[in-house]
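Here are my notes for a first look at this one. Have the viewer open and go through the points in order.

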Protein chains: 2
Amino acid sequence: MRPSRRDELVQKALQVFYRNGFHATGMDQLVRETGISKTSMYKYFQTKDDLILACLHVRDVQFRHWFANRVEALEPRREHQLGVIFDVLDEWFSSPDFKGCMFIKAAAEFQEPDHPAHMISARHKCLMVDYIQDLAHQAGLVRTRALAGQLGLLIEGAIIMARFGNAAQAVKDARTAAKILSAAHENDGS
Amino acid sequence: MRPSRRDELVQKALQVFYRNGFHATGMDQLVRETGISKTSMYKYFQTKDDLILACLHVRDVQFRHWFANRVEALEPRREHQLGVIFDVLDEWFSSPDFKGCMFIKAAAEFQEPDHPAHMISARHKCLMVDYIQDLAHQAGLVRTRALAGQLGLLIEGAIIMARFGNAAQAVKDARTAAKILSAAHENDGS
DNA sequence: TTGTAAACGTACCGATCGGTACTTTTAGAG
DNA sequence: CTCTAAAAGTACCGATCGGTACGTTTACAA
């Protein structure tokens, strides 16, 4: 466990970027809020962008692990886990420091499609859809690629709508829609 | 048509903000890209934030008018207009200068829920859902509030996914899901 | 042609930006 | 205690930030 200081920096910077935005957060503010000197920061990361990319990478791993762990905790039976993904989302939206999806925000601030931050974000969304498809497969559903794509749209839409006003309504709509769409992908259906 | 110069500023600044982001776009860059002097800018708007808010307001009106006009053009029969909203989205995603939803990006850069930019964005999304509900009503469907909420999630999700890689896949998934969800809201259903 | 108001260009303000140089303090190992 | 390496602190760099002051040019109306 050597690089604890570096990990601590990434972890704290991650929270500040998440709460305050990337461009809007200056390095001096990071010094203030993390308690880590600028000298150390620039020893670990050559540029601010490098630090941002490290934060996004950690966030990607952490978020997907957290999500899968919450699914597992709420529903241990694998064939029923697809049914609880919007309960996990609801937990996320209801957490006091929920501020939307970090990757949607990263893509909003780094718009060039070939920017590393943009690519990490796209990959994160792709991996989430892959995970949803895996849950659909374990639920014994058919045409899981199409279903996962559709549920992915509901998830992203719910994240957006949760940021604008009523998160409860977004979760409710998403849950209802997900049940209808999933029912259309049962092996006996069309 | 007196205030042409001011409108011209808003129109051009809107495009630069849309393409380049809000914080990432400086006033000097706006002078360069719009050809309007900084003196004039600050005569029309006291602060950069005021200019941003004016841009968002214009964008809100323009986008909703554009969207409704395209729906009308693709399908004049009102009872069938709900079926073409993803064709209009497809047009938008396919336009060469598509860079996502300006209001999602505004909410990403101005995170405080009571920030005017955030509130304008939330209101825009709300008005879009209202419009979808109106189309659902004209299509003779039932429980239009729930259906509009669900279709709204699909729309926002498609916008997000279109920014990350394959827009065509997002439109295809959204169209399929929308048909299933709409069918569940026909007056003979459920 | 003159008067007038709007727009322009330029130079500038203090503050902050990302990033660097250099010295001092801390902490753990021998 | 001493040596060493890491971290901190401070002061600073040029560039850019949002915003202002002020004199010049444009364009149109009388």
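1. Keep in mind as you look that the model is predicted.

2. B:Arg143 isn't a glycine, yet its phi is positive, near 50°. For background, most residues other than glycine have a negative phi. Now look at the other chain: A:Arg143 also isn't a glycine, and its phi is positive at about 50°. You'll find A:Arg143 in the loop between H7 and H8 of chain A.

3. Are these two arginines buried or exposed, or something in between? A:Arg143 has a relative accessibility of 44%, so it counts as partly exposed. B:Arg143 comes out at 45%, and therefore counts as partly exposed as well. The band for that label runs between 20% and 50%.

4. Zoom out to chain A as a whole. Taken along the principal axes, its C-alpha atoms fill a box of roughly 65 × 35 × 30 Å. Chain A has 190 residues, and 48% of them count as buried. Take the contacts in chain A between residues at least 6 apart in sequence: 66% of those join residues at least 24 apart.

5. Next, the place where the chains meet. Chain A brings 43 residues to the contact, and chain B brings 43 residues too. Between them the two chains bury about 3,300 Å², with 72% of that on carbon and sulfur atoms. Which residues of chain A lose the most area to chain B? They are A:Gln111, A:Leu153 and A:Phe164, which together make up 23% of what that side buries.

6. Ten residue pairs are in polar contact between chain A and chain B, counting pairs with both residues at pLDDT 80 or more. Two salt bridges turn up across the interface. One to click on joins the side chains of A:Asp173 and B:Arg145, at 3.9 Å from N to O.

7. Which helices of chain A each supply at least two residues of the side that touches chain B? The list is helix H1 (4–20), helix H6 (102–109), helix H7 (116–138), helix H8 (144–163) and helix H9 (167–183). H8(A) gives the most, with 13 residues. Sorted by class, this side of chain A has 22 nonpolar, twelve polar and nine charged residues.

8. Last point, the symmetry. Chain A superposes on chain B by a rotation of 180° with 0.0 Å of shift along its axis, at an RMSD of 0.0 Å. The two copies are therefore related as by a two-fold rotation axis. To find that axis in the viewer, go to A:Gly157: in chain A, its C-alpha is the one nearest the axis, 2.1 Å from it. The same surface serves both copies, as 100% of the contact residues of chain A recur in chain B.

Note on methods
Residues numbered from 1 in each chain as written. Chains lettered and ligands numbered in written order. Predicted model: local features only at pLDDT ≥ 70, side-chain atom pairs only at ≥ 80, totals over all residues. Heavy atoms only, no water. Contact = heavy atoms within 4.5 Å. Buried area = accessible area lost by both parts, 1.4 Å probe. Salt bridge = Lys/Arg side-chain N within 4 Å of Asp/Glu carboxyl O. Polar contact = N/O pair within 3.5 Å; in protein donor to acceptor, adjacent residues only side chain to side chain. Helix = DSSP H or I, 4+ residues; strand = E, 2+ residues; numbered from the N terminus. Nonpolar A, V, L, I, M, F, W, Y, C, P; charged D, E, K, R; others polar. Least-squares fit on C-alpha atoms with pLDDT ≥ 70 in both. Buried < 20%, exposed > 50% of the residue type's maximum accessible area, 1.4 Å probe, protein only.
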